[in-house]
Amino acid sequence: MKVTADQVTSLKAYLRGDTASFERINAQLDPTNKRARGALIAAAFYSAAERAFADGKRSDVIEFVGRARARSERLAEAIDPRVAERLLLATFTDEDIDDISGETQGDHFGLLLAGMIAEAQLSDAELDAFLDDASKLADSWLG
Amino acid sequence: MAIDRDTSAADASGESGSEQRDQTRNPPPDRPGVEGFPSRAESRAGAAAANKDVDQESDQMASDSAKDKSALPTAGKSGVEQNKQGGCKASGAEADKEQSTGTAKETIGGKNGASEQQRSASSERSANERGSSENAQDLNSESKKSASFILEYKAIKDKIDPFRPNFDEAEGSKGKYRWTAREGQSEWTDGVGSLRDLPDGEELGERDEDRRTKSDRFLGKIQDNLDDINDQLEKTAGDVSDLFKPPPTGQAETRADNSPVAVDVHQSGVDPGNAATAVLVAGIVAAEAFRRGRDKIRERSAE
């Protein structure tokens, strides 16, 4: 099982905030290959967190979550600050997230990933390179 | 002696000569892909040839040392025999010198000139070492005596401490140095300005290993939820657009309440220690009151 090009394209549309393109590509994806795209999202989340919090400061994580929630009322309701901080801390500390359900993790991975990409203000080429790295990491996870 | 025509022609014309000098000034190619840099096959062939040369040299050295060992007693023997033949009894050093030069003279025109010269030289050396000895037989017997003494000394030493370490081979066996061709996967490093800027291979290795370990550790935390993570992405697609809008203007402020606030008085609970103390005090007071009352009753009854 490997990450496909369509899955990478759909995630790129999501991270650009292009909801129409995302939904159109998403409808064409193979439903039996869900695990590969889940690995791609998690790998992208891990890579983005590794770049954004290279210093490993908890205060940076808290400030980022606060900024993301302050963007809109919807985001403030959708993002649980404690869950978001724990998921980000889990990328570079021994934070245990076993008690957080898969659905909650999925909700927060997408929003936090998009928040980190939006703050990084990546160009199109940089976003492609980032997704290429994440795809390779996901492939290595899938074996 | 043959003269290279190309070289001489190049030297004859001034321009071509200067070009040739420029070519000689250029540094040799040091990276693959540069013109003149040997290919991988050529470098491997060179390494094999270098190893072959090392083997041949070591074999040659071994055979030379064997020859020297075999030549030494022969030379000594011939020197002794010649001493006997010459009948030299007094002034051993001078006589040996003459004998050795005579031997050299005799053997110069012989068939094996080189080996005879070597033998005569070694006999001269041994004769000079003997120096003041009068005849060769005495020396022979002395050398036999010293050899037997060394043998006995070693035998006794082994008996005293048979498990002693062998210091003669303390450094262990040394293998031959061999040239090896670079592996195909190895990469050339970029140049650095100073030695301090050289990358530490150990650190880089640890970093890569550390990153791999961290990502694997994170995978272990979310491995069972990959399907759910995929499904939830569609549900949050509507909220993502807010993240790409410009952030709200102004700055975050915390509202402060200036109006007075009624605060409940702190009510501490009953402490067991205080209760015990109260019971004790009450008991003492009651006992004292009882004692005074009893004393007054006794006084009235006495009156």
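Student: How many helices and how many strands are there in chain A?

Tutor: Before counting, please note that this is a predicted model, in which local features need pLDDT of at least 70 and side-chain atom pairs count only at pLDDT 80 or more, while totals for chains, interfaces and linings use all residues. Residues are numbered from 1 along each chain as its sequence is written, chains are lettered from A and ligands numbered from 1 in the order in which they are written, and side-chain values use heavy atoms, with hydrogens and water left out. Helices (H or I, at least four residues) and strands (E, at least two) are DSSP runs, numbered from the N terminus. In chain A there are eight helices and zero strands, whereas chain B has ten helices and zero strands.

Student: What does "buried" mean, and what share of each chain counts as buried?

Tutor: A residue is called buried under 20% relative accessible area, exposed over 50% and partly exposed in between, with a 1.4 Å probe and protein chains only. Of the 143 residues of chain A, 51% count as buried, while for the 303 residues of chain B the share is 15%.

Student: Which residues does A:Ser10 touch?

Tutor: Contact means heavy atoms within 4.5 Å. Leaving aside residues up to four places away in sequence, A:Ser10 touches A:Phe22, A:Ile25, A:Leu29 and A:Arg37.

Student: How should I read an aromatic pair, and how many does the structure hold?

Tutor: Rings of Phe, Tyr and Trp (its six-membered ring) pair if their centres lie within 6.5 Å, and planes under 30 degrees apart count as stacked, over 60 as edge-to-face and the rest as tilted. Over all chains, the structure holds nine such aromatic pairs. In one of them, the rings of A:Phe45 and A:Phe109 have centres 4.4 Å apart and planes at 45 degrees, so the pair is tilted. Because A:Phe45 lies in helix H3 (residues 34-52) and A:Phe109 in helix H7 (residues 102-120) of chain A, this pair ties together parts that are 64 residues apart in sequence. Both A:Phe45 and A:Phe109 are buried.

Student: Which parts of the model does the pair of A:Trp141 and B:Phe218 join, and why?

Tutor: The pair joins two chains, because A:Trp141 lies in helix H8 (residues 124-142) of chain A and B:Phe218 in helix H7 (residues 201-222) of chain B. A:Trp141 counts as buried at 10% relative accessibility, and B:Phe218 is buried at 0%. Ring pairs link A:Phe45, A:Tyr46, A:Phe109, A:Trp141 and B:Phe218 into a cluster.

Student: What area is buried between chain B and chain A, and how many salt bridges are counted there?

Tutor: Buried area is the accessible area (1.4 Å probe) that two parts lose on being put together, summed over both. Between chain B and chain A this comes to about 3,700 Å², of which carbon and sulfur atoms give 61%, and 33 residues of chain B are in contact with 48 residues of chain A. A salt bridge is a side-chain nitrogen of Lys or Arg within 4 Å of a carboxyl oxygen of Asp or Glu. Five salt bridges are counted between the two chains, and the side chains of B:Asp239 and A:Arg74 meet in a salt bridge at 3.7 Å, N to O.
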